[in-house]
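Subject: Structure for your review

Dear colleague,

Please find below the structure that I am handing over to you. A summary of the findings follows it.

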Amino acid sequence: MASVLVVEDDQFVRSALIRHLTEASHTVRSVGTALEALREVAHFRFDVVVLDLGLPDLDGAEALKMLRSITDVPVIIATARDDEAEIVRLLNDGADDYLTKPFSVEHLSARMAAVLRRSRSSASAEPAPSVLRVGALAIDPLRRQAELDGVRLDLTRREFDLLTFLAGRPGVVVPRKELLAEVWQQSYGDDQTIDVHLSWLRRKLGETAANPRYLHTLRGVGVKLEPPA
């Protein structure tokens, strides 16, 4: 089972999460402020962090950036905010997943299980034997580095995983369901999650959905990565 840090200032919500996660045999620690969360991750090893955005001492988005500066532990955002622009920023700043309140503990458990499967499979997987090349893109799965025209790309972990998965199948249209299963380790999910990551990946590749170079979306079918014509 997993070691979980719950960062939630609402005592009722926090108690419910602790009870449910403990009943599921997870080891749980909990705090109510961002600064306490930073101290926890600096002193203890966690498998996943559940982070509320509405913290009393520091906005959760800033707390996420600070967490990412000291650890790569998977972070699931728990938020009452459903603004798409903010969700995009959170994912780009390093969140692995997000849940909009109110949510059920079963939903949280499913998202946690998917994030943990992805994290553990990445840690245990054999490194790719060589650098993947698609046009001027060069992706090194072992070093987890990607370059375009010799310039290193600043990618989040999930953006890198998505790009690597597509680069391993150049020119092949990959269904969204397969992306969810292989990149997100989820048998179901919201297409918005994929769209958000594709949007930010396109921006970092210097293209748009209207004028694609590498990433091509076939509406109702899937996504493919191929070198520019």
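Helix α6 is mostly covered, with ten of its eleven residues buried. The model is a predicted one, and the description below should be read accordingly. The buried residues of α6 are R158, E159, F160, D161, L162, L163, T164, F165, L166 and A167.

One of these residues deserves a separate word. D161 is found in helix α6 and has a relative accessible area of 6%; it is classed as buried because this value falls under 20%. Leaving aside residues up to four places away in sequence, D161 touches R118, R144 and V183.

The sheet

An open sheet of three strands runs in the order β10-β12-β11, and its pairing is antiparallel. The edges are formed by β10 (174-175) and β11 (215-218); each has a single partner strand, so one side of each is left without a neighbour in the sheet. Helix α6 (residues 157-167) packs on this sheet and touches β10, β11 and β12. The direction of α6 makes about 75° with that of β12.

The pairing can be described strand by strand. β11 pairs with strand β12 (residues 222-225) in the antiparallel sense over four bridges. Within this pair, L215 stands opposite L225 in β12, and T217 stands opposite V223 in β12.

Which way do the residues of β12 point? G222 and K224 point one way from the strand, while V223 and L225 point the other way. All four of these residues are buried.

The hairpin of β11 and β12 has three residues between the strands. In this hairpin, G220 takes a positive phi near 80°.

Helix α8 (residues 191-204) lies across β11 and β12. Its direction is at about 145° to β11.

The contact of two helices

The crossing in which α4 passes α8 is right-handed.

On the α4 side, the contact is made by E84, V88, L91 and N92. On the α8 side, the residues are Q192, V196, H197, W200 and K204. Sorted by type, the residues of the contact of α4 with α8 comprise four nonpolar, three polar and two charged. The spacing of such residues may be read with the helix geometry in mind: an α-helix has 3.6 residues a turn, so residues three or four places apart point the same way.

An exposed loop residue

Is L142 buried or exposed? L142 is found in the loop between β7 (137-140) and β8 (145-148). Its relative accessible area is 56%, and L142 is therefore exposed, the value being over 50%. The C-alpha atoms of L142 and A95 are separated by 22 Å, and these residues lie 47 places apart along the chain.

Yours sincerely

Conventions:
Residues numbered from 1 in each chain as written. Predicted model: local features only at pLDDT ≥ 70, side-chain atom pairs only at ≥ 80, totals over all residues. Heavy atoms only, no water. Pairing = 2+ DSSP bridges. Contact = heavy atoms within 4.5 Å. Axes fitted to C-alpha atoms, helices over the stretch in contact; angles between N-to-C directions. Buried < 20%, exposed > 50% of the residue type's maximum accessible area, 1.4 Å probe, protein only. Left-handed = near helix turned anticlockwise from the far one by under 90°. Nonpolar A, V, L, I, M, F, W, Y, C, P; charged D, E, K, R; others polar.
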